[in-house]
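The following exercises are to be worked through with the sequence and the model at hand. Each task is followed by its solution in steps.

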Amino acid sequence: MARLKSFGSALTGLALTGLCLAAQAQERMLNTVTVTAQRIDVDDLAAMPNVFIRVPADFIQFSLTCQSATRDAAERKTELETQFNTLVKWAADKAGYELFGGEAGEETIPLDTISFHEILKSVYGNRQTFELVLTADVLKDETFDGVKLRVTKEVEAMKTAGRVECYVGDDQYLGVRNIDVHRKTLLKQIAAEMKDMREIFGKSAVEVTGLEARVISQPSGSMIVDVFLPYKLTLTSEKE
């Protein structure tokens, strides 16, 4: 997925406080869709075919940044490493939350496959930072704002080391788990659409491409995701 503009990108004209879904390039929007601002940027939405399935979001990804401006370099690094280890333990003990390396809305990396030193970055002056991806499950009847508030409170309540500050970023991404389970249903519906078209245009007049692609998702509402295959139906000349 492409990174949101002010984001984000993804829902169309929905007045969502603090939210704007940004669906990224079609090829990248496989399991998540971007969110951020108060509207959905139509230009960032992938062109959706006639056949799709509308499902509720299973989780939301947030970028989680921790930074320290302690002047002593060794002390600053120790503070941030302590904070990283604290977060790893927190995520392991906290049901409904997961932490990953990588970038929210893009490729995520299992936390046990990365080291603190790989994600530590120097920003400017005496400031250093690291960023993780925090995933929060969506609870029953929970709104986007409700999830964001819950996650923000969890982060603010975390014990920090030294001068470390942690905060949730502005870009969020809606996610659907086990998205490929919808493939069979989508294929059946596409086959039914082809049957209807052939009754009108003739059995040899309809061709379909794109069925080999992975299932794609993009936002349709504050907590709703449209799931589809990027197929294309083409009318051809009737064969003799």
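A residue is called buried under 20% relative accessible area, exposed over 50%, and partly exposed in between (1.4 Å probe, protein chains only). Helices (H or I, at least four residues) and strands (E, at least two) are DSSP runs, numbered from the N terminus. The model is predicted: local features need pLDDT of at least 70, side-chain atom pairs count only at pLDDT 80 or more, and totals for chains, interfaces and linings use all residues. Residues are numbered from 1 along each chain as its sequence is written, and side-chain values use heavy atoms, with hydrogens and water left out.

**Exercise 1.** Determine which residues of helix α4 are buried and which exposed residues lie on the face turned away from them.

Step 1. The buried residues of α4 are L186, I190, E193, M194 and M197. Seen down the helix axis, they fall within an arc of 105 degrees, so they line one face of α4; the arc is that of the directions from the helix axis to the C-beta atoms.

Step 2. An α-helix has 3.6 residues a turn, so residues three or four places apart point the same way.

Step 3. On the face turned away from the buried side, α4 carries the exposed residues K184, K188, K195 and E199.

Step 4. The buried residues pack against β3 (53–56), β10 (206–209), β12 (224–228) and β13 (232–235), where contact means heavy atoms within 4.5 Å.

**Exercise 2.** Locate the disulfide and assign its handedness.

Step 1. A disulfide is a pair of cysteine sulfur atoms within 2.5 Å; by this rule the count comes to one.

Step 2. The partners are C66 and C166, with sulfur atoms 2.2 Å apart. C66 lies in strand β4 (residues 59–68) and C166 in strand β9 (residues 165–175), so that the pair links distant parts of the chain, 100 residues apart.

Step 3. The torsion about the S-S bond is about 110 degrees, and the disulfide is therefore right-handed.

Step 4. C66 is buried at a relative accessible area of 0%, and C166 is buried at 15%.

**Exercise 3.** Identify the strands that pair with β8 (residues 127–137).

Step 1. Two strands pair if DSSP finds at least two bridges between them.

Step 2. β4 and β8 are antiparallel over ten bridges, with S63 opposite V133.

Step 3. Strand β5 (residues 97–102) runs antiparallel to β8 over four bridges, and F100 stands opposite V133.

Step 4. Strand β7 (residues 121–124) joins β8 through three antiparallel bridges.
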